[in-house]
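Work through the exercises below with the sequence and coordinates open. Each task is followed by a solution in steps.

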Amino acid sequence: MQEKIQKLKSDMLVNLKAASSESAIKDVEVKYLGRQGLFNDIMKSLKDLSDDDKRIVGKLANETKKELEAAAEKRYSELEGEKLDAIADEEWIDVTVPGKKPAVGHRHLISKFIDDLEMIFAKMGFSVADGPEVELEHYNFNQLNIPDDHPARDMQDTFWLKDLKKHVLRTQTSPVQIRHMETHEPPIRIIAMGKTFRKDSDATHSPMFHQIEGLMVDENISMANLKAVMTQMLQQIFEDTSIKTRFRVSYFPFVEPGMEVDCTCPICHGDGKLDTGVPCRLCKQCGWLEIAGAGMVHPQVLENVGYDPKKYTGFAFGIGIDRMVMIKYRVNHLRLFFENDLRFINQF
Ligand code: PHE
């Protein structure tokens, strides 16, 4: 009888070991220790033994049963451990691998340049004004003394909004002059910068470009003030105190007199050629670069906003930012600004 018990024990242990799922263990438990199980058969046959044997064999049988129950329990927890090991094998991560740095954005060259200009003008007492990019025809043209038949209104240049007959994508930052003067009294000293739009596209023109507008209105403002402000700004932004300016007569309906502002070429310093004698390509050997439109605010414009042109005078200017950035950082195609290629943007 003892041998039968030993045999049953070792059989069950072998089976348990082979059981590789919870249900397989359960089957082994039922087969050996269940109510109809093999172990119970032995227990039942105990009654045929003598009292002494019954005691000895009964004790062994009970102990063995307990042992086997514990072995089954142990197999359950082993299996749990194996499962966790498998998960750990499959899903392990190496926490010592250096992390991947997320690509962090970078300030755009044009935004940076605008900030730099803002600082320069702030030091000269200018504050920042703002206006909408979708602008009323009234502000973009009429109030600026731009008559209905002015070429700037031509379909070639202006983006008109289809369903809003009186709206355009602003073609210049000059309407901010009007908006500001309508709501403020002199003295005025503001800059306004941002996106402007014209139907134009080549290596140096894009349908969206950036301008910075300047406006100063007070008593006794003259061209001398305009010249001083433009020269200061150019010397500071190009970090070159040898830069000179010149003013050429030009026409903008909202200024009188109107002019183009040129500065000496920051590469050849106005010589038209480099120290080595090589012709300067940036200014095409002329020594000057066109930087801005400017002029004294037209008396009609002052009247349009309710100012007395006999009392107040002022100057205004509009600078093409993209072109200045191209000059300062020697960027040879406007497209580079808008492609958002980090290889380009990260250089600055
Ligand atoms: N708004 C003009 C342009 O876009 C530039 C300008 C501004 C000229 C202010 C004179 C005074 O061409």
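**Exercise 1.** In which loop is Asn-220 found?

Solution. The model is a predicted one. Asn-220 is found in the loop between strand E5 and helix H8 (223-237). Next, check the backbone: Asn-220 has a positive phi of about 65°, although it is not a glycine. Most residues other than glycine have a negative phi.

**Exercise 2.** Determine the relative direction of helices H1 and H3, and list the residues that make their contact.

Solution. Step one: take the geometry. H1 (residues 2-18) packs with H3 (residues 38-45) at an angle of about 170°, and the axes are 11 Å apart. Step two: apply the cut-off. Angles over 145 degrees count as roughly antiparallel, so H1 is roughly antiparallel to H3. The crossing of H1 past H3 is left-handed. Step four: list the contact. H1 contributes Lys-4, Ile-5 and Leu-8, while H3 contributes Leu-38, Phe-39 and Ile-42. By class, five of these residues are nonpolar, none is polar and one is charged.

**Exercise 3.** Describe the largest pocket by volume, lining and residue class.

Solution. Begin with volume: the largest pocket holds about 1000 Å³ of space. Its lining has 38 residues, and those nearest the centre are Arg-198, Phe-209, Gln-211, Phe-252 and Gly-320. Then assign elements. Strands E5 (208-218), E7 (255-264), E8 (288-297) and E9 (313-320), together with helix H10 (321-329), each supply at least two lining residues. By class, the lining divides into 18 nonpolar, twelve polar and eight charged residues.

**Exercise 4.** Which element gives the largest share of the lining of the second largest pocket?

Solution. The second largest pocket contains about 520 Å³ of space. It is lined by 15 residues, with Arg-281, Leu-282, Cys-283, Val-331 and Asn-332 closest to its centre. E8 and H10 each supply at least two residues of this lining. The largest share, three residues, comes from H10. To finish, sort by class: the lining of the second largest pocket has nine nonpolar, two polar and four charged residues.

Key. Residues are numbered from 1 along each chain as its sequence is written. This is a predicted model: local features need pLDDT of at least 70, side-chain atom pairs count only at pLDDT 80 or more; totals for chains, interfaces and linings use all residues. Side-chain values use heavy atoms; hydrogens and water are left out. Axes are lines fitted to C-alpha atoms, for helices over the stretch in contact, and angles run from 0 to 180 degrees between N-to-C directions. Helices (H or I, at least four residues) and strands (E, at least two) are DSSP runs, numbered from the N terminus. Angles under 35 degrees count as roughly parallel, over 145 as roughly antiparallel, 65 to 115 as roughly perpendicular and the rest as oblique. A crossing is left-handed if the near helix is turned anticlockwise from the far one by less than a right angle, and right-handed if clockwise. Contact means heavy atoms within 4.5 Å. Ala, Val, Leu, Ile, Met, Phe, Trp, Tyr, Cys and Pro count as nonpolar, Asp, Glu, Lys and Arg as charged, and the others, Gly among them, as polar. On a 1 Å grid over the protein atoms alone, a cavity is a set of points where a 1.4 Å probe fits but cannot get out, and a pocket is an open set with protein on both sides within 12 Å along at least five of seven lines; lining residues have an atom within 4 Å of a point. Grid points are joined across faces, edges and corners, and a volume is the space filled by probe spheres set on the points.
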